[in-house]
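Q: I'd like to learn how to read a model residue by residue. Let's bring it up and go through it together.

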Amino acid sequence: MIVCVSAMSVHSEEMRTRVDKHVSVVIIAGLAALSGLVILCAAAEEHASVPERVQAPAPFEKRVFTLPDGKHMNCRQRKGDGPVLVLIPGPWGTFDGFAALIAELPGDLPLVVIELCWQGGNVPPTLDLSIEQLAGDVLWVVEALGLEHFYIGGHSIGGMIAVEIAGREIPGLAGVIAMEGWTHHTVAKTAFANEVTGELTPSQRSEYEAYRVRGRAHLSDAQMAAIAAIWRRWNGHDCLMRSKVPILEVWGDRGKPRPPRETLQIPERPNIELAWVTGASHLMLIQAPKAVAELMCAFIERNASSSPPK
């Protein structure tokens with residue numbers, strides 16, 4: 001019995017060895033075939049993806065400038081060829097507030113975003129601030145960057161600063177884009193019945209409230225009150241009347257009948273265009289960044305043939 005059992009054990013072992021070898025051969029062959037398939041698929045995928053490759057937009061470089069009066073101003077720059085578009089945020093905005101707009105602009109468009117002296121975590125050294133002073137601050141940074149041919153664009157208080165700059169004779173300034181930059185604080189009431197934000201979706205409302213919190217978190221109540229009062233002490237009508245460069249005024253119609261030009265206090269002049277974003281409000285950068293970007297690009301293209309002002 002013992003011998004019989006041993007013989008059966010040996011026989012079983014031999015059979016198991018032959019089976020294992022056969023399975024090993026099948027597995028190896030299968031893996032080789034699969035490997036070849038993977039290589040072929042990878043090669044096909046690589047070949048197919050070549051025509052789809054698009055050059056990524058150039059990265060932004062961050063710089064911090066210290067002005068002669070002690071103000072600190074953050075700046076982000078994306079270099080490129082041609083005129084530079086300089087953007088100035090609204091009162092509680094930062095570079096991030098332009099993210100949706102920048103995503104809709106051409107990736108090769110040279111851009112500079114200049115944050116004001118209380119934005120991006122900075123604290124103003126004084127509360128005696130004015131639109132005129134802030135325009136001077138922006139132009140100081142523009143000169144420090146060595147920009148020779150540029151457009152100035154801004155939203156809300158940034159748009160007012162852009163209009164203030166339009167009223168000055170600035171070498172290299174090719175044009176101005178003011179996005180809901182009130183000519184005077186009374187326009188909010190007379191033209192829009194104080195309807196600022198318009199209708200927002202829940203996600204847009206959440207985005208708006210989040211960036212307001214971020215933009216104000218580092219400021220004291222006194223600082224926020226002083227900043228919020230700046231625009232009420234300024235009137236841009238004379239700046240528009242003096243202006244010589246092309247100006248694009250961009251406004252949201254709140255989904256209602258559009259107010260006449262005189263209600264916006266924008267004079268009828270050949271260098272001043274008025275454009276409307278349907279259904280958008282003061283928060284057009286959240287509600288309709290693509291529409292705003294298209295208006296800006298068309299404006300820049302229309303004025304592209306003009307040489308840099310001396």
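Q: Where is the place of Glu 249?
A: Glu 249 sits in strand β7, residues 247–252. Before going on, note that this is a predicted model, where local features need pLDDT of at least 70, side-chain atom pairs count only at pLDDT 80 or more, and totals for chains, interfaces and linings use all residues. Residues are numbered from 1 along each chain as its sequence is written, and side-chain values use heavy atoms, leaving out hydrogens and water.

Q: What is Glu 249 in contact with, then?
A: Contact means heavy atoms within 4.5 Å. Leaving aside neighbours within four places in sequence, the partners of Glu 249 include Val 163, Leu 240, Ile 266 and Glu 273.

Q: How much space lies in the largest pocket?
A: Rolling a probe the size of a water molecule over the atoms shows where empty space is left. On a 1 Å grid over the protein atoms alone, a pocket is an open set of points where a 1.4 Å probe fits, with protein on both sides within 12 Å along at least five of seven lines; lining residues have an atom within 4 Å of a point. Here the largest pocket holds about 840 Å³, the space filled by probe spheres set on points joined across faces, edges and corners. Of its 40 lining residues, Pro 91, Trp 92, Ser 156, Tyr 211 and His 282 are closest to the centre. Helix α6 gives the largest share of the lining, 7 residues.

Q: Is Ser 156 buried or exposed?
A: Ser 156 is buried, at 8% relative accessible area. It lies in the loop between β5 (150–155) and α4, and has a positive phi of about 60° although it is not a glycine.

Q: Where is Asn 194 found?
A: In the loop between α5 and α6. Asn 194 also has a positive phi, about 65°, without being a glycine, and at 49% relative accessibility it counts as partly exposed.

Note on methods
Helices (H or I, at least four residues) and strands (E, at least two) are DSSP runs, numbered from the N terminus. Buried means under 20% relative accessible area, exposed over 50%, partly exposed in between (1.4 Å probe, protein chains only).
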